[in-house]
Amino acid sequence: MKKHCFALDLVDDAKLIEDYKVAHQKVWPEIIKSIKDSGIEDLEIYLVGNRLFMIMVVNDSFSFEQKNAMDTNNPKVQEWETLMWNYQQALPMAKEGEKWMLMEKIFQL
């Protein structure tokens, strides 16, 4: 098992942030299935202000390339991601079209 951490911002608007939180109380079943089918064993998203932090625990079958290919070819995932862009905004250092940015682990106790 490996752990990956990511960051992303939300649009700094209280109503949009609340709507994003509500959407994540009712994540579509197709999205949950896609996550699990890719080898993600556990996924948590945390929020402070308008900054999101995601922790993803994956099994040995997981690969970023495979997950990206699965998502690209899944119309429901594409629909979800398009919807989420209404709330999300890229981090200042993100490249064009880049969403969740993989964080570098710099300390462990």
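Biologist: Which residues line the second largest pocket?
Modeller: This is a predicted model. The second largest pocket has a volume of about 200 Å³. Its lining divides into four nonpolar, two polar and three charged residues. The lining residues are Lys-3, His-4, Cys-5, Phe-53, Met-103, Glu-104, Lys-105, Phe-107 and Gln-108.

Biologist: Which strand gives the most to the lining of the second largest pocket?
Modeller: The lining includes Lys-3, His-4 and Cys-5. The strand in question spans residues 2–10 and gives three residues. The top contributor is strand S1.

Biologist: What is the volume of the largest pocket?
Modeller: The largest pocket is lined by 33 residues. Nearest its centre lie Leu-43, Met-54, Lys-67, Glu-81 and Trp-100. The volume is about 1100 Å³.

Biologist: How many nonpolar residues are in the lining of the largest pocket?
Modeller: Take the classes in turn. Seven lining residues are polar and eight are charged. The nonpolar count is 18.

Biologist: Are H2 and H3 roughly parallel or roughly antiparallel to each other?
Modeller: Helix H2 covers residues 29–37 and helix H3 residues 64–72. Their axes come within 10 Å and cross at roughly 155°. Angles over 145 degrees count as roughly antiparallel. H2 and H3 are therefore roughly antiparallel.

Biologist: Is the crossing of H2 and H3 left-handed or right-handed, and which residues of H3 make the contact?
Modeller: The crossing of H2 and H3 is right-handed. From H2, the contact uses Ser-34, Ile-35 and Asp-37. The contact residues divide into two nonpolar, one polar and three charged. On the H3 side they are Lys-67, Met-70 and Asp-71.

Biologist: How is H2 set relative to H4, roughly parallel or roughly perpendicular?
Modeller: H2 and H4 pack with their axes 9 Å apart, at an angle of about 110°. Angles of 65 to 115 degrees count as roughly perpendicular. That makes H2, relative to H4, roughly perpendicular.

Biologist: Which residues in H4 meet H2?
Modeller: The crossing of H2 and H4 is left-handed. H2 brings Glu-30, Ile-31 and Ser-34. By class, the contact has three nonpolar, one polar and two charged residues. The H4 residues are Lys-76, Val-77 and Trp-80.

Note on methods
Residues numbered from 1 in each chain as written. Predicted model: local features only at pLDDT ≥ 70, side-chain atom pairs only at ≥ 80, totals over all residues. Heavy atoms only, no water. Axes fitted to C-alpha atoms, helices over the stretch in contact; angles between N-to-C directions. Helix = DSSP H or I, 4+ residues; strand = E, 2+ residues; numbered from the N terminus. Parallel < 35°, antiparallel > 145°, perpendicular 65-115°, else oblique. Left-handed = near helix turned anticlockwise from the far one by under 90°. Contact = heavy atoms within 4.5 Å. Nonpolar A, V, L, I, M, F, W, Y, C, P; charged D, E, K, R; others polar. 1 Å grid on protein atoms, 1.4 Å probe; cavity = no way out; pocket = protein on both sides within 12 Å on 5 of 7 lines; lining within 4 Å. Points joined across faces, edges and corners; volume = space filled by probe spheres on them.
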